[in-house]
Amino acid sequence: MKRTFDVCMAALGLLLTAPLLTLISVLIKLDSPGPVIFRQVRVGQGFRPFAIQKFRTMAVDTPGACLPLTVGQDPRITRIGRILRKFKLDELPQLLNVLKGDMSFVGPRPEVPRYVERLRSDFSEVLSVRPGITDLASLRYIDEAALLAYSSDPEEEYQLKILPEKLKLAKLYIRHMSLRFDIAIVIQTLLHIARLPIVVFTLPELKTAVESPLASPWTSLSSFILRWRKPIIVVLDVVLIILANYFAFVLRYDGNIPEGEINTFEQTVLALVAIRGVAFALFGLNEGLWRYTSIWDLQNIMAGVLTSTVVFYGWVRWVMGISSYPRSIFAIDAILLIGFLAGVRLSSRVLRDKPIFQKKRKVLVVGAGDSGERVVREMKTRTVFNCQPIGFVDDNVSLLNQRIHGVRVMGAVQDLPKLVEEFKPEVVVVAVPDSTPEFLRDLVIKLEPYNISIKTLPAKEELLSDQSTVSQIRNVSIPDLLSRAPIHLDNEATRHMVRGKCVLITGAGGSIGSELARQITLFEPKVLLLYERHENSLYNIHKELDDRRFGFPIVPLIGDVTDAQRLCAVLEQYKPHILFHAAAHKHVPLVELNPLEAVKNNCIGTRVTAEAASLYGVEQFVHISTDKAVNPSSVMGATKRVAELIVQDIARSSQTRFLLVRFGNVLGSSGSVLLRFQDQIRTGGPVTVTHPEIRRYFMLIPEAVQLVLQAATIGEQGHIYILDMGEQIRVLDIARSLIRLSGLNPGKDIPIRFVGLRPGEKLYEELVGEGEIAVRSSLEKILQIRTISQLDFEEFREKLAALEAASYRDEASVLLERLREIVPMFQICVSDAEPSTVPTGSL
């Protein structure tokens, strides 16, 4: 079809331009000596050389005649040549190349052999099609000579910058090549030559290749129309009012209007124009911008026409006394005028929003409810999104095969794989604002084999009613796949607790500590103390908060929680009211290799901090714990369980209110599995998972901190609080989803390798240990842990002293025995599993 189009259009073009071709030939001969046609060897389809033909625009036998590029106001160009180049008339002889089959109307512009040889591999795809008279590169570099004139080395500029960009645009054309696209490019080329600021095609990948001319003869005309827009609209409306009334008479009398009725028309038309003019002004019909014409404008048109028709009827019958005026003409006239007024206004919008060629991404929408309807409506009415909704998917069987804005409900969610295979959408949009994480995980798994982008809408409370729904669509992320959504703070209770108080955070440079600092600053403390032993982490969080210019001091304090003297000095100087103890060693494999340091930091550090808080009258002490403290299998978990017991022991006799908060794995914290997986995906894999069935509770960092602050507002002395965290999630599912959401296929693009359980690692985590039960607290989603078996704290203190003594003497084996004495559930799990790689088929 493309070749047929080329031959027909080339023959027609030569026939129609024959007089112009003759005139140009004569002018070239008269202007300068030499041949009329310039021929040059170019490389065509399949690397076949051919002679391209152009009208000669340069003088022959001039200095620099062999230069391959034309730059700026090249002195070699003749007077007639400048005119021909300006309007691209020198390219007309290439119609002969099109007839011969060397070229096409639209295709990558042919290059000279020396450029092709240097980039032969890049040209292999480009030269799989016939070169053309015009293409995308011709539109971008329509005045290439002027562009090269700004360069100190035009040859280098062309080879290193312009030519690679031309190749990129040529490949883009080949990917979207079609007859319709060719027609759009030809029309766009003609518009560019005429310097008309109109764009007739768009591509999602194409941003600046097709630009409207900045200056053209049409600019002044456009400015004139814009300046006098209102009077022009009034004149046009008057013309349409008269035409509609006249055609109403024509239709009423089947095209043969009696003489008497012509007189009636002439008698009443001025009154009609005046009445309608007043009505149109009242309804603002001459004020709207036509390119934004909408239903609202149509309503105003109908209201203005119908109102003025009623008034005109009364004027004709009771003021002018013309009882013979046909009543049917009032109705016909109103209908015609509404059509005329709406038609001329909609034409502007249609021409603006409906380019000749527009490559859109095919979108399949999950959810045929209100949100889905909004998404489809905006995609169909706003071309800026470059999206074409091809169908809905919804589990409501009553909607099957129904249409919304012309888009059919194709099936249920279970039909997604079949629909993707058949219709090949590029994007799936989940238009269900309250979709559950389980639903999204299932969706990701269903679409795992396909190279398709998965996007979703924000939750209902996050949707901005004053913004476009489509503009708020975002990629599905890992937090969307968690078993539960983040809880929401009781802001007033937290503000009441924090406002006007001095707050101290230990471990303030860590993931939890730094997020605590960020959230606490929102509740206007009197002073915020950041206590951290790592100076870089402390500097980063202090600088971040200090740059926000809060109205209270934020004090960075370098110190170790095991340094009792330093900690007491800080408490003595600042007298904090609330202390959040987040300092701890938390990395399971590292702590397993360094148990002595774990006991010093997690146990002794907690004891020193809690005793100091009690001694210096801190009102409230919040200890950050972990689910790994429950029936621990790792040194980290065992030391955190000991820390819990230390806090509960001190709470029995202290005026300070002590409470503890447990939560699961924190996504995005330093050393978290999420960051590890992201790094492995970035480097091409493999992604390493310890065991196919390992499961964990997962939380977001802000969610974990919200739990801490929530619990702090209700915490009772010495109690442990946990979050109702729903189901545990397989780490393998997290890995697969993260690979999929990165645009890759698990097991195919990125392999997954099982490396065996690490020392101290369990397959499942627990939130409630032996001798504990979980009961509901006064806040939703937060549970309180109650101990059903009493601990002998006198014996505990003796064992704790022995544990600390072992850590001071660097006796690792003794230390582990002492840990087991305090935490009998502590048993190290050792895995004999061999590393393995997941085969492609199993994913």
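How exposed is Glu821, in terms of relative accessible area? Glu821 is partly exposed at 37%, where buried means under 20% relative accessible area, exposed over 50% and partly exposed in between (1.4 Å probe, protein chains only). Keep in mind that this is a predicted model: local features need pLDDT of at least 70, side-chain atom pairs count only at pLDDT 80 or more, and totals for chains, interfaces and linings use all residues. Residues are numbered from 1 along each chain as its sequence is written, and side-chain values use heavy atoms, with hydrogens and water left out.

**Salt bridges**

- The structure holds 40 salt bridges, each one a side-chain nitrogen of Lys or Arg within 4 Å of a carboxyl oxygen of Asp or Glu.
- Back to Glu821: it pairs with Arg818, and the closest N and O atoms are 3.1 Å apart.
- Glu821 and Arg818 sit three residues apart in helix 30 (residues 812-822), so about one helical turn separates them; helices here are DSSP runs (H or I, at least four residues) and strands are E runs of at least two, numbered from the N terminus.
- Arg818 is partly exposed too, with a relative accessible area of 25%.
- Lys168 and Glu165 form another salt bridge, with 3.6 Å between the closest N and O atoms.
- That pair is also three residues apart, this time in helix 9 (residues 154-175), which puts about one helical turn between Lys168 and Glu165.
- Lys168 is exposed, at 52% relative accessible area, whereas Glu165 is buried, at 18%.
- Glu117 meets Arg120 at 2.9 Å, N to O, and Arg120 counts as partly exposed because its relative accessibility is 39%.

- Helix 13 (residues 259-282) has 24 residues, so at 1.5 Å a residue it should span 34 Å, and its end C-alpha atoms agree at 35 Å apart; the expected span is 1.5 Å times one less than the number of residues.
- There's still a kink of about 40 degrees in helix 13, centred on Thr268, with the bend taken as the angle between axes fitted to the seven residues ending at a residue and the seven starting there.
- Thr268 is among the buried residues of helix 13, as are Glu261, Phe265 and Arg276.
- After helix 13 comes Gly284, with a positive phi near 65 degrees.
- Helix 27 (residues 701-714) should span 20 Å over its 14 residues, and its end C-alpha atoms are 21 Å apart, which agrees.
- Helix 27 is mostly covered, with 11 of its 14 residues buried, including Glu703, Gln706 and Gln710.

**The hairpin**

- Strand 1 (residues 37-43) and strand 2 run antiparallel, joined by seven bridges; two strands pair if DSSP finds at least two bridges between them.
- Ile37 stands opposite Phe55 in strand 2.
- Five residues lie between the strands of this hairpin, where Gly46 takes a positive phi near 70 degrees.
- Strand 2 (residues 49-55) is mostly covered, with five of its seven residues buried.

**Nonpolar cores**

- The largest nonpolar core has 53 residues, and Val642, Phe796, Leu803, Leu815 and Leu819 touch the most other members; a core is a set of buried Ala, Val, Leu, Ile, Met, Phe, Trp, Tyr and Cys residues joined through side-chain atoms within 4.5 Å.
- A second, separate core of 37 residues includes Val503, Ile512, Ala704 and Tyr721.
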